[in-house]
Amino acid sequence: MTIARELFVRILAGAAVLWAAASLAFIVLQMLPSDPVQVIYGADATVTPEMRDLIRAEYGLDRPIWEQYGQFVGRILQGDLGTSYQQRRSVVSIIGSELGSTITLAVSATIFALTLAVFASVTTAGRRSHVRSLMSAIELLSISTPAFWIGLLLLTFLSFQWPIFPVMGDNSWRSMVLPVTTLGLAIFGTLSQVMRAEMDLALEQPFALTARTRGLSEWSVRWRHALRHALIPGLTISAEMFGSLLAGAIITERVFGRPGLGRITLQAVTNQDIPVVVGVVLFVAAIFVTTNIAVDLLYRLIDPRLRSATA
Amino acid sequence: MTDLSSPLSPPENASLRKLRRGRLRPGIVLAALVLAFLLVCGLWPQLVAPYDPYGLDLLQSLKPPSWSHIFGTDQLGRDIFSRVVHGASYSLYVGVGATLIAVCVGIAIGLTSGVLGGWVDLAFMRVVDILLAFPSLLMSMAVVAFLGTGITNILLAIAIAAIPGYARIVRSQVLVIRNSGFVEAARVLGQPPLRTLLRHILPNTIGPLVVLSTLGIGSAILHSASLSYLGLGPKPPTPEWGLMLSEGQGYLRAAWWIGVFPGVFATLAIISTTVLGRYIKAYSEGRE
Amino acid sequence: MKNTILHGIGLALSASIFAISGPVLAQGEPQSGGTLRVATYEPLCLDQNEGSSRNTQTALQDVYDRLIYKTQEGEYYPWLASEWSISEDGLVYTFTIRDGVLFHDGSTLDAEAVRLNLQRWVDDRSANGVPVSSVVAQGNVVTLTLSEAHGPLLHDLSEPVHGIVAPSSIAAFSKEERCAGGPGVTIGSGPFKVIARTQGQDLILERNDAYAWPSAAAQHEGPAYLERIELRFLTEDSVRVGAVESGQADIAAGIPAISVANLEANPNLQVLRTQQPGIPWSLWLNQSHAPLDDQRVREALRIGVDYPSLVNAVFLGTATPAYSAITPGIPLAYDAGQEGRWSFDAEAAKALLEQAGWSEIGADGIRVKDGKRLSFTDLTATNWNNQQRELFAQGIQAGLAAIGVEYKREVLDFATVDARMKANEYDLVDTSQASGDGATLLFGAFESTSLWPANTNWGFVDNPDLDAALNAAVASADPDEQGAQVKIAQGIINDNAYLVPIANPQVVLAASTKVKGTVFSSSGQIGTYYDVWLEQ
Amino acid sequence: MALLDVKNLSIRFAGRSAAEDVHAVRGLSFAVEAGQCVAIVGESGSGKSATARALVGLAGPNALVEADHLLLGATNLLAFGPRDWRAVRGRQIGFVLQDALVSLDPLRTIGAEVGETLREHRLVPRTGIKPRVLELLASVGIPDPAQRHDQYAHQLSGGLRQRALIASAISGEPGIIIADEPTTALDVIVQAQILRLLSELKADGRGLILISHDLAVVSRLADHIIVLRHGEVVEDGTPEAVFQRPQADYTKALLAAIPSGRTRGQSLSGDAPRSAAASAAKAAQPVLVASGLNKQFGQRHVVNDVSFTINKGETVGLVGASGSGKTTLARIVLGLERPQSGTITLNGAPWSALPEHRRRPLRPRVQLVAQDPLGSFDPRHRVIDIVGEALEIIDFPAAGRRAEILRLLASVGLDAVHLLRRPRELSGGQRQRVAIARALATRPSVLICDEPVSALDVSTQAQVLDLLAGLKRDLELTMLFVSHDLGVIQHVSDRVLVMNDGRIVEEGLPDIVLEQPRHPYTKALVEALPRLPVG
């Protein structure tokens with residue numbers, strides 16, 4: 001199979017996943033108990049029956065369910081995710097306006113976690129030292145401590161008690177430090193453990209011994225040989241976790257009071273703003289599918305064995 | 001084909017592993033003790049808790065930790081220690097319950113898929129792929145949005161979000177076992193497939209999964225705390241850790257003990273299950 | 001005491017920075033310049049006529065000017081209307097519009113612009129129930145004619161919701177665009193103009209240097225002192241508190257009770273607080289069905305819980321026990337005579353319940369009558385709730401459980417609350433209502449024609465005496481007469497136990513001590529920033 | 001002066017206490033001269049690999065290396081720090097490991113791997129690296145070096161990979177090459193080529209240290225042989241001395257344990273006295289008859305028109321290089337793969353043509369002893385369960401099962417103490433014995449042995465081969481014995497099938513086929529086979 005053909009198949013499969021996800025979301029959200037009309041009309045409003053009918057017609061809520069479903073899928077195909085009941089803006093524009101902040105956060109957190117994990121695994125793989133024990137302890141803590149709890153502690157101490165990193169004010173990198181750390185730590189532990197295990201394995205492989213017998217320094221063996229092996233699972237995990245980072249942003253954004261996709265998601269879930277929930281769900285699923293395809297392609301760059309296997 | 005192990009510098013490797021295991025030991029004992037304590041708290045909270053977790057005592061409002069209230073009191077004068085102790089049962093309930101459901105359903109799906117193969121496998125794994133496309137927290141939130149908030153709904157939400165992962169693991173394990181030398185050996189002996197399934201495939205699939213699920217309990221507790229924190233869990237005055245932390249968030253500077261102790265307990269519970277789960281995993285793999 | 005060495009270094013640093021920036025001016029002399037950073041809630045919509053909420057109004061009060069200004073004490077001052085008059089029968093209001101007022105885009109604010117705004121209010125919002133029959137602009141005079149007398153009209157017009165939006169903006173942009181707002185879209189005539197808005201994050205205002213038409217109540221003339229205002233939207237209480245404590249914000253709104261003591265002890269901070277005018281935080285009792293159709297049960301709820309002790313424990317001095325349907329924040333309408341009309345008496349409450357037939361006690365300790373448990377469902381909306389109320393409700397739950405009553409509070413999104421109310425599936429509602437106008441509030445909450453789905457009479461109250469008092473109050477333009485009628489209404493409400501008032505809330509803000517010249521608005525929110533200045 | 005002079009080397013791996021210390025090597029002395037080869041031979045655990053690593057300072061962080069002296073030329077290696085060692089590795093001592101698939105970094109190109117020494121030690125300017133690497137690749141006999149330069153290890157054949165690895169080892173022009181099992185993973189023919197390449201290196205004046213488990217391999221190259229056992233030197237001398245006049249019993253046993261045509265009918269392990277029973281004399285009674293078998297995987301014709309017969313009481317050896325199709329053929333015989341055409345009959349009745357549910361009741365008649373006994377046991381089962389399961393399938397009465405299991409275990413040289421052991425708790429030889437016991441439990445008509453001794457040390461291999469020979473004699477076993485090892489095949493077989501590229505290229509009595517091969521492939525195979533210079 002050529003790469004192009006496989007890519008095509010993957011995209012097709014991804015599209016199927018998204019279609020199924022959309023249908024699932026539609027079904028689930030159809031079964032929700034609250035009255036969309038009141039959600040649409042918002043908090044302090046009094047809705048007369050005439051207004052209600054008008055709104056139902058405007059949002060297509062008066063039509064049979066299959067027609068609604070058809071419309072729903074049709075609109076998604078045109079890149080239209082509907083209109084928020086609450087904000088009365090198009091879901092696409094809401095996601096668009098909130099996306100930047102969350103993506104910046106998630107990407108920074110991924111880079112942060114990946115960098116830290118690379119550092120941790122390169123320095124501690126195959127060795128037993130206090131640094132390794134310390135790293136293991138940090139990993140264990142990062143895996144076992146709820147992200148909001150880490151965030152609260154960081155916020156309380158590093159922003160409020162000792163105002164080192166502001167959480168509001170200028171939109172500089174400094175206000176990003178704590179949220180990125182919080183979100184990044186949530187995946188750092190797993191990432192680091194997997195990468196180090198892989199690196200431990202790579203360092204025990206004969207090729208590492210061969211490299212050493214060529215007079216390579218320990219550092220070169222780690223950076224030039226073992227790290228590439230560790231990066232393969234590292235990338236898989238990062239890709240898998242990128243989606244969960246978008247979800248993790250819900251918590252981080254809430255703790256730090258940041259705007260973003262997570263904030264509107266939580267808001268939409270609590271207010272049952274159905275189009276937004278569906279939009280976010282589809283969007284995140286789409287991100288997941290895309291990152292997976294991207295990582296598959298990236299593998300080929302890193303792992304020549306896969307390259308020629310399908311060539 | 002011979003002597004494959006020689007270039008792997010076995011002496012270094014083996015001793016390193018031994019050393020690692022040696023270092024883990026006091027940690028494991030500690031983890032087991034913590035879990036045992038939490039188990040007692042979860043099953044018989046009234047044995048441990050000195051006060052009623054819901055009992056108001058407005059005269060004892062906002063007392064810092066002291067001998068009479070070792071974790072202090074909250075604004076309504078409720079004993080934080082007693083609340084934290086009672087909170088263990090919710091975390092255990094969700095952690096064990098959600099994992100149990102997820103593992104059982106995961107086994108059913110993964111086994112059916114792996115054993116039957118063909119279009120059943122294809123259909124099941126497509127569905128699992130779709131479900132895996134959603135981050136588990138988001139999926140749990142969507143489920144909670146549908147079922148409503150509350151501890152049991154959180155349990156279900158976490159279970160549902162965890163099922164696809166387990167199903168995938170079971171399926172791949174089944175495939176590995178099915179292609180293993182000993183299943184082939186059974187086939188060569190003329191063993192009927194159903195007996196092979198029950199005698200070899202099932203036990204060898206479930207074993208590792210049970211081990212893995214101990215780790216799952218920790219992450220289920222973590223998830224339930226997160227959902228509670230987001231306000232999707234049980235309602236106040238339920239002494240659920242995530243909820244207590246969420247309520248205590250505003251007190252972190254004025255009355256730190258209200259939020260800190262539930263947080264510490266949640267972290268302890270998760271760490272302990274993780275440490276113990278890993279140990280059991282290492283142990284079972286070492287003995288295999 | 002909690003301040004560490006590090007904190008001290010931070011202060012020393014900032015002090016030195018300020019020392020460089022200029023010679024220290026004499027205390028008390030307002031200084032121009034500086035940026036005010038406010039940690040607050042996000043407004044829904046930047047056109048307050050389209051999407052109104054307290055947050056919206058607070059954020060926009062300095063962007064849009066109003067016809068008249070009402071102080072927290074209840075006095076009216078000229079603003080865009082240099083003078084006004086009310087006809088004898090209270091049906092015709094005439095406003096003379098001030099000359100030389102310019103919108104931010106340079107267009108003129110004239111009588112026609114005011115008429116357009118008022119007409120928009122009548123058309124789009126049905127004038128919020130005010131019986132307006134016509135709005136006419138002639139020369140520099142705007143005339144508003146009513147079909148029947150409506151006393152609270154002046155108050156209404158003084159509210160931020162009646163800020164005048166530039167007709168050019170209304171003509172050029174859709175509802176949605178004006179709601180999203182931003183520079184060039186959000187156009188008023190106020191002392192500050194919008195220069196940036198990031199939804200979910202912030203709203204940046206900049207001084208309008210052309211400003212020369214403050215209200216007569218203002219402390220100075222000409223442009224505002226502050227150069228810039230940054231409103232940062234932080235939803236978590238603790239984050240707002242932390243922001244102002246650590247100097248990341250100059251003012252933080254919505255300070256939770258627990259933080260007040262710490263903030264007050266901080267020498268760099270001041271706590272700004274005021275009584276919130278309006279209806280106290282209360283339980284609305286739905287008497288349309290059993291068991292709250294029985295006054296004895298309603299009274300039992302009122303005395304069965306030690307509300308005052310809970311108020312002290314939970315609100316820690318940021319609220320006082322309430323005994324009336326109006327808070328002391330509206331001095332003219334508050335009936336202080338209601339104070340202490342009842343006191344906590346669990347035994348008496350039990351006795352009342354037993355008289356009402358709830359004598360049997362079930363296995364779970366909850367009273368039972370005819371096989372039904374004595375259980376109440378309390379509804380509240382997410383946006384009505386806060387940390388203290390959440391906690392207080394747990395106290396109510398414990399207190400009521402002690403007299404054999406089950407209490408379940410459900411915090412739901414507004415839409416669900418609304419649906420439940422329409423279906424009449426609730427026993428209690430808990431919330432407070434903020435406004436400087438007691439008559440309109442009580443009319444909405446207790447007048448018999450204000451029943452659902454038309455309005456907010458959640459208790460299904462239908463009492464002719466109460467209706468009479470409320471109608472008289474609303475019709476009167478005389479503040480004293482209005483106040484007297486509202487007091488009568490408060491008495492009737494307590495006589496019949498239509499409401500269980502719990503706490504008179506305070507509005508609490510924290511600010512850096514450098515922030516000077518703050519005022520509160522007539523609705524108890526932080527007022528205009530026009531006179532606010534930063535000590536440098 | 002010797003290139004490398006080792007005097008009284010000892011290597012110890014520190015345990016948690018002195019009592020737990022592992023002495024990998026004790027009192028090892030030798031010297032390597034230019035153009036000479038020292039061979040260190042031993043079974044697994046003998047300390048030979050630890051020695052090799054210690055000579056380049058890579059024995060590991062918890063290894064204690066001590067010696068009277070350890071001289072590289074005039075330099076004292078014992079005084080070296082990490083930086084000094086790095087200067088030595090690659091430049092003065094080159095290192096070649098077994099199986100280049102894992103010894104070359106799979107993620108880097110051949111060029112990058114071979115050029116690494118040059119780059120690390122800055123031996124040639126950056127721009128000169130590629131031409132030099134191409135030169136090196138050509139010098140080790142890799143055709144089309146320019147193309148290979150940009151390929152990855154997995155894209156090369158085993159022989160080419162090993163050559164590339166050698167190119168990498170000699171790139172720094174070291175005076176000494178240490179080759180640790182350099183041919184172990186290779187087929188006989190490729191092995192011979194690599195040994196020739198190594199001897200060329202020796203001829204160029206380099207000193208060679210060859211580490212191997214295989215005395216025969218070593219015999220071609222070594223000028224000096226050291227036999228290690230449990231870290232102790234048991235034999236030390238010239239090849240002639242070691243092979244002709246071995247001093248130590250261990251060496252003698254080791255030599256005797258090597259199977260070949262000469263050893264047929266004799267005991268390899270020296271445990272049991274052997275009768276020279278000639279089973280071939282009996283009248284041929286066909287048990288398993290294969291005719292016209294074909295199997296294709298995609299384009300590859302893995303089994304191509306194969307026919308053969310196995311007679312009762314006969315051991316048929318199937319020999320071939322890896323990839324020759326012998327394993328697939330064994331699987332077809334076992335009924336695990338279905339041939340695309342052709343049939344197999346068992347005792348005259350159809351076998352391969354049967355549908356699975358009809359074949360299943362007959363399966364106990366055809367049993368397997370696999371190469372990897374560990375993988376063929378359920379890790380959760382104990383020996384009693386493993387053997388018991390086979391008895392259960394043939395409905396052996398439950399009451400007598402335990403006794404029968406004990407009897408079977410006794411017949412393979414195990415006893416009751418092994419009953420409750422799990423596979424992991426057994427040694428390699430014991431596992432293979434259990435596998436044989438299980439296979440025999442159903443009293444099969446044919447036993448398929450698929451590389452049953454390939455994973456074992458020479459002495460264990462000898463024991464298992466002796467066991468099979470004994471069982472064959474006692475039970476009149478009929479066997480298809482699959483192996484890549486000509487010596488083993490020649491030792492066990494009554495008749496030999498030589499397989500190459502899916503076809504049986506030669507068939508006949510072992511002595512005739514393997515001593516006077518007619519087919520070119522067989523000829524090449526036999527020529528390449530390293531032989532002991534024993535009389």
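Good morning. I begin with B:P237, which sits in the loop that links helix 8 (193–229) to helix 9 (241–248) of chain B. Please keep in mind throughout that the model is predicted. The peptide bond that runs from B:P236 to B:P237 is cis, and its omega is near 5°.

A further cis peptide bond is found in chain C, where it joins C:A290 and C:P291 with omega of about 5°. C:P291 also belongs to a loop, in this case the one between strand 13 (278–285) and helix 9 (295–303) of chain C.

Let me return to chain B and describe it as a whole. Chain B contains 10 helices and zero strands. Read from the N terminus, the order of its elements is therefore α-α-α-α-α-α-α-α-α-α. Along the principal axes, the C-alpha atoms of chain B occupy a box of roughly 80 × 50 × 30 Å. Of the 288 residues in chain B, 56% are buried.

Two residues deserve attention for their backbone angles. In chain B, the residue is B:L62, whose phi is near 55°, a positive value in a residue other than glycine. B:L62 is placed in the loop between helix 2 (45–48) and helix 3 (80–116) of chain B. Is B:L62 buried or exposed? Its relative accessibility is 19%, so B:L62 counts as buried; the cut-off for that class is under 20%.

In chain D, the residue is D:R122, which is not a glycine and yet has a positive phi of about 50°. D:R122 lies in the loop between helix 5 (116–120) and helix 6 (126–139) of chain D. D:R122 counts as exposed because its relative accessibility is 71%, and the exposed class begins over 50%.

I now turn to chain A, and to helix 7 in particular. Helix 7 of chain A spans residues 147–161, which is 15 residues. From its first C-alpha to its last it reaches 20 Å, close to the 21 Å expected at 1.5 Å a residue. Where does helix 7 of chain A bend? The bend is at A:L155 and amounts to about 25°.

How many residues of helix 7 of chain A are buried? The count is 12 of the 15, so this helix is largely enclosed by the rest of the structure. Among the buried residues are A:F148, A:W149, A:I150 and A:F160. A:L155, where the helix bends, is also buried.

Elsewhere in chain A, A:L105 lies in helix 5 (residues 91–124). A:L105 has 0% relative accessibility and therefore counts as buried. A:L105 and A:E253 stand 148 residues apart in sequence, while their C-alpha atoms are 9.4 Å apart in space. A:G79 belongs to the loop between helix 4 (65–77) and helix 5 of chain A. With a relative accessible area of 45%, A:G79 is partly exposed. A:G79 and A:L183 are 104 residues apart in sequence and 30 Å apart in space, C-alpha to C-alpha.

Searching the whole structure gives 14 cavities of 30 Å³ or more. The largest cavity has a volume of about 140 Å³. Its lining is formed by 15 residues, and those nearest its centre are B:Q249, B:G250, B:R253, C:S238 and C:V241.

The lining of the second largest cavity divides into three nonpolar, six polar and four charged residues.

Thank you for your attention.

Technical notes. Residues are numbered from 1 along each chain as its sequence is written. Chains are lettered from A and ligands numbered from 1 in the order in which they are written. This is a predicted model: local features need pLDDT of at least 70, side-chain atom pairs count only at pLDDT 80 or more; totals for chains, interfaces and linings use all residues. Side-chain values use heavy atoms; hydrogens and water are left out. Helices (H or I, at least four residues) and strands (E, at least two) are DSSP runs, numbered from the N terminus. The expected span of a helix is 1.5 Å times one less than its number of residues. The bend at a residue is the angle between axes fitted to the seven residues ending there and the seven starting there. Buried means under 20% relative accessible area, exposed over 50%, partly exposed in between (1.4 Å probe, protein chains only). On a 1 Å grid over the protein atoms alone, a cavity is a set of points where a 1.4 Å probe fits but cannot get out, and a pocket is an open set with protein on both sides within 12 Å along at least five of seven lines; lining residues have an atom within 4 Å of a point. Grid points are joined across faces, edges and corners, and a volume is the space filled by probe spheres set on the points. Ala, Val, Leu, Ile, Met, Phe, Trp, Tyr, Cys and Pro count as nonpolar, Asp, Glu, Lys and Arg as charged, and the others, Gly among them, as polar.
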